Amino acid sequence: MSTPHEADVLVVGAGPSGVAATLMAASLNLRTVLVDPAPVGGKLHAIGSLENVPGNWSTGPQLAAGLAADVERLQQAGRCSVIQGRAAVVTGYDDRAELALEDGQILSAQIVVIATGVTALTPSNAEWISAPTATPLSPLWRSSPTDMEGRTYVLGGDRPLGTWLRTHRRSSTTLHVLCPPADDYKIAEVLGDERVRIVPVCHVTLSSMAYGDEWSLQVQDRHGEHKTYVAKTVLNNLGNAPARLDGLASGEDGYCPPAQQHPRIRVAGDLRSAQFQRVTTAQGSGAEAVLEPYYASLLKPC
């Protein structure tokens, strides 16, 4: 008989994808442990508007509260345990998968579902921007129109741009979006909004002015021409980088395709690909990450 594990399914990450995986595992009567250092809901707590998520949710915090209630219900019924901890390394073996936490604790399960999502890029991380390492820019999605003074420039055309516009429907603030070629496919959904001015660029050099309350943006456009802008408000909307754990296989873009992982390590949610970073696709992938090994008999009674 095989050695009992702490769980049948270990889920890392308590965002939409991780909670969906947890709910699916519990519904299959699998011993389930959810691991995350943060409250249930993850980045949903900072999303001001939801437009394409079924269930009549209008804001991220509303959906986060619903997910937290789901997890609490499972805990009270004894169908799920929650560990407040930060995962560090995941390893797959023939008969189990192991998860090492930063505090040194080792957890084992028949499968581990990794749904750690993404982290926000900074200007110094972006190849098309030259900027000091510790450039203190506020993210667009945390900013309100009252925070914006004078002409507002936005670095990058990532999808929070559309979320911000929906959240602040009554705002007349114009956003001048410096957009590299890699973001062209992302801005299609906002091109009809009169409050958006797209500035196609290939490179931007960002620096603080000598007196400290304004920024200099030296822009090279896609025709090789150079322009300089001065602004008091410059916001970060550069997108994300995968928050992958050690032990995961990744592609050239840093994301972790599910097909490249050990059979007992399942990847779900935003961690899979930059092109499918949506709440609904994250939820579906979380459920699938449990169902697929269940039907493939990787989830057998210990």
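Is Asp-183 buried or exposed in this predicted model? Asp-183 counts as buried because its relative accessibility is 7%, where buried means under 20% relative accessible area, exposed over 50% and partly exposed in between, computed with a 1.4 Å probe on protein chains only.

The model is predicted, with local features needing pLDDT of at least 70 and side-chain atom pairs counting only at pLDDT 80 or more, while totals for chains, interfaces and linings use all residues. Residues are numbered from 1 along each chain as its sequence is written, and side-chain values use heavy atoms, leaving out hydrogens and water.

The structure holds 15 salt bridges, a salt bridge being a side-chain nitrogen of Lys or Arg within 4 Å of a carboxyl oxygen of Asp or Glu. Among them are the following pairs.

| Salt bridge | N to O distance |
|---|---|
| Arg-166 and Glu-51 | 3.5 Å |
| Lys-186 and Asp-183 | 3.7 Å |
| Glu-189 and Arg-278 | 3.5 Å |

Through salt bridges that share partners, Glu-51, Arg-166, Arg-169, Glu-189 and Arg-278 are joined into one network.

Lys-186, the partner of Asp-183, counts as buried at 12% relative accessibility, whereas Glu-51 counts as exposed at 51%.
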